[in-house]
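Here is a short briefing for a reader new to this structure.

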Amino acid sequence: MKLTTPIIAAGCSVIAGAAFAQTPVLTVYTYDSFASEWGPGPQVEIAFEEICGCDLQFTATGDGAALLSRLRLEGSRTDADIVLGLDTNLTAAAVEAGIMTEHGLTPEGLTLPVTWDDPHFLPFDWGYFAFVHRANMEEVPSSFEALAASQTSIVIQDPRSSTPGLGLLMWVQNAYGDRAGEIWEGLADNVVTVTPGWSEAYGLFLDGEADMVLSYTTSPAYHLIAEEDDGFGAAAFDEGHYMQVEVAGIVATTDVPDLAAQFLDFMLSPAFQEIIPTTNWMYPSALEADALPDGFETLTQPSEALIFSAEDAAAVREDALSLWQNALSQ
């Protein structure tokens, strides 16, 4: 027995190792809050692994815009099969860099307020950027011009690393065009600090470091539903609000393309979409409004939805970034 036991144990180990090796791994690069324990990631992982016979692994890479930078840096060496968390302000750059491959799927049941026909990316959620404040704030600015003329302090995110930060640049650019630089010069005194990502900015706001924070019209739903706190609101701006559509796509170097396509298909199913409202606190891209949790009906509704096409966003991005940098460096 002393001779055979190690042999049997070793044999079992080999068999177990072979079984484990046969389980395909799907690696999804995403942003920090999606993969966090309170984000959608853990629930999505459980739901997808029940049907895929695979090991779904999320890799957090910072905020949304950092995803593109990491994929560019890693190139063909990347472990990513899926990138989840870019938005339409970055998709053209990702395609131009040769990072993505076409998904080959025909999405059904999308409930976005815009038409979708991107061959490389599919949307998983969407929302409107907004400045969130406490409900007891006495004078809430109703436009960028009013904000710039006020003493209101704000925390924003860096557009070079954060999709909300980039979305703010697109918002100002879309609403004001040639006057964007003037608006930024007016806002410079309102900015307390610029953080790398959304989580840091929102944390500073909650700690009382600023009157308002760049976030989403849906952010108050978190406080209302998860914390039973109706003490937060999102300022409605006369210019309208810029729309963000968050997307996922298949990385060109994946060695599990069929599994990656299965994940994208799953992403538009109720099993995924129903997780989004109360974990990512955004509007799901393939779920009807009457299926949203109670509390979403109370959210600020923009007077106008603003958005650039992916191509137009890519075209104005560098100029918008220069205007922002020049204004905040003075």
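Helix axes here are lines fitted to C-alpha atoms over the stretch in contact, and angles run from 0 to 180 degrees between N-to-C directions. The model is predicted. The points below start with helices H7 and H8, then turn to the disulfide between Cys52 and Cys54.

**Helices H7 and H8**

- Helix H7 covers residues 163–176, and helix H8 covers residues 180–187.
- The two axes come within 8 Å of each other. They cross at roughly 125°.
- Angles of 65 to 115 degrees count as roughly perpendicular and those over 145 as roughly antiparallel. H7 and H8 are therefore oblique to each other.
- The crossing of H7 past H8 is right-handed.
- On the H7 side, the contact is made by Leu168, Leu169, Val172, Gln173 and Tyr176. On the H8 side, Ala180, Ile183 and Trp184 meet them.
- Seven residues of this contact are nonpolar, one is polar and none is charged.

**The disulfide**

- A disulfide is a covalent bond between the sulfur atoms of two cysteines.
- A search of the whole structure finds one disulfide.
- Cys52 and Cys54 are its partners, with an S to S distance of 2.0 Å.
- The torsion about the S-S bond of Cys52 and Cys54 is about -85°, so the disulfide is left-handed.

**Burial of the two cysteines**

- Buried means under 20% relative accessible area.
- Cys52 has 14% relative accessibility, so Cys52 counts as buried.
- Cys54 has 7% relative accessibility, so Cys54 also counts as buried.

Definitions and conventions
Residues numbered from 1 in each chain as written. Predicted model: local features only at pLDDT ≥ 70, side-chain atom pairs only at ≥ 80, totals over all residues. Heavy atoms only, no water. Helix = DSSP H or I, 4+ residues; strand = E, 2+ residues; numbered from the N terminus. Parallel < 35°, antiparallel > 145°, perpendicular 65-115°, else oblique. Left-handed = near helix turned anticlockwise from the far one by under 90°. Contact = heavy atoms within 4.5 Å. Nonpolar A, V, L, I, M, F, W, Y, C, P; charged D, E, K, R; others polar. Disulfide = S-S within 2.5 Å. Buried < 20%, exposed > 50% of the residue type's maximum accessible area, 1.4 Å probe, protein only.
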